[in-house]
Amino acid sequence: MATWNSRGLRGSTLEDLVNRTNDKYREHGLALIQKVPTPITPMQIDKEHRHITLAYFDQKSTVDYIGAVQGIPICFDAKECATDTFPLQNIHAHQVAFMGDFERQGGCAFLLIYYTQRNQFYYLPYDHMRKFWERAQEGGRKSFRYEELEEEFFLHPNGGFLVPYLEGLQRDLERKDASADNG
């Protein structure tokens, strides 16, 4: 049996935890979130075993997940980070553009980051991500450090929700409402 930290689980750990959290949110009537499939074109198919052996991506994917939380459209990408420094090369320009467009349409976009060595989850609001992104585009750091993150957006599993990102969403929405009231 594979252990929690096995290399075999490395690429799918966060996705599995988010998918299980999404299932639980749906079961409780809190949210309906779907994994966005990456469109591919099969090039070679093993007909005997009925699986694709070679394919290419049709187009750049946008985000990993999209859906609604009690009438609020959300989209997010899930990323794993093995160190305390998150390289911005893990986020692509087309993803930043899509998330910005999504927010301008009244939705809420964010990144979910799993710091594997710390076993910690972080909800990174779009506007915070955008600041880091713009800093890099202007010649600054091409990454952001764990120490630069706001304490209120760290997520802690509770109530059976493995990655309770709705807590981060609630804080994000409250912050946006307060900002709109002051602006």
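In which helix does Asn22 lie?

A: The model is a predicted one, and the description below should be read with that in mind. Asn22 lies in helix α1, which covers residues 13–27. With a relative accessible area of 4%, Asn22 is buried, because that value is under the 20% limit for the term. If its neighbours within four places in sequence are left aside, Asn22 is in contact with Ile33, Tyr65 and Tyr165.

Two of these partners lead on to other elements. Strand β4 spans 65–69, and helix α4 is made of residues 165–182. Leu169 is found in this helix α4, and at 3% relative accessibility Leu169 counts as buried. Leu169 and Ala109 stand 60 residues apart in sequence, while their C-alpha atoms are 9.2 Å apart in space.

A disulfide is a covalent bond between the sulfur atoms of two cysteines. The structure holds zero disulfides. Cys75, for its part, is in no disulfide, and the nearest cysteine sulfur, which belongs to Cys108, is 8.3 Å away, whereas a disulfide would need the two sulfur atoms within 2.5 Å. Cys75 counts as buried at 0% relative accessibility, and Cys81 also counts as buried, at 4%.

Gln70 has its place in the loop between β4 (65–69) and β5 (72–81), and with a relative accessible area of 62% Gln70 is exposed. Most residues other than glycine have a negative phi. The phi of Gln70, however, is near 45°, a positive value in a residue that is not glycine. Asn119 likewise is not a glycine and has a positive phi, of about 55°; Asn119 lies in the loop between β7 (108–115) and β8 (120–125), and with a relative accessible area of 45% Asn119 is partly exposed.

A further loop, the one between β10 (154–155) and α4, contains Pro157, and at 52% relative accessibility Pro157 counts as exposed. Setting aside residues up to four places away in sequence, Pro157 touches Phe121, Leu162 and Pro164. Pro157 and Gln120 are 37 residues apart in sequence, and their C-alpha atoms are 9.3 Å apart in space.

There remains a pair of helices to describe. Two packed helices are described by the angle between their axes and the distance between the axes. Helix α2 (residues 93–104) and helix α3 (residues 126–137) pack at an angle of about 140°, and their axes are 11 Å apart. That angle makes α2 oblique to α3, because only angles over 145 degrees would count as roughly antiparallel. The crossing in which α2 passes α3 is left-handed. On the side of α2 the contact is made by Ala93, Val96, Met99, Gly100 and Glu103, and on the side of α3 by Tyr126, Met129, Arg130 and Trp133.

Conventions
Residues are numbered from 1 along each chain as its sequence is written. This is a predicted model: local features need pLDDT of at least 70, side-chain atom pairs count only at pLDDT 80 or more; totals for chains, interfaces and linings use all residues. Side-chain values use heavy atoms; hydrogens and water are left out. Helices (H or I, at least four residues) and strands (E, at least two) are DSSP runs, numbered from the N terminus. Buried means under 20% relative accessible area, exposed over 50%, partly exposed in between (1.4 Å probe, protein chains only). Contact means heavy atoms within 4.5 Å. Axes are lines fitted to C-alpha atoms, for helices over the stretch in contact, and angles run from 0 to 180 degrees between N-to-C directions. Angles under 35 degrees count as roughly parallel, over 145 as roughly antiparallel, 65 to 115 as roughly perpendicular and the rest as oblique. A crossing is left-handed if the near helix is turned anticlockwise from the far one by less than a right angle, and right-handed if clockwise.
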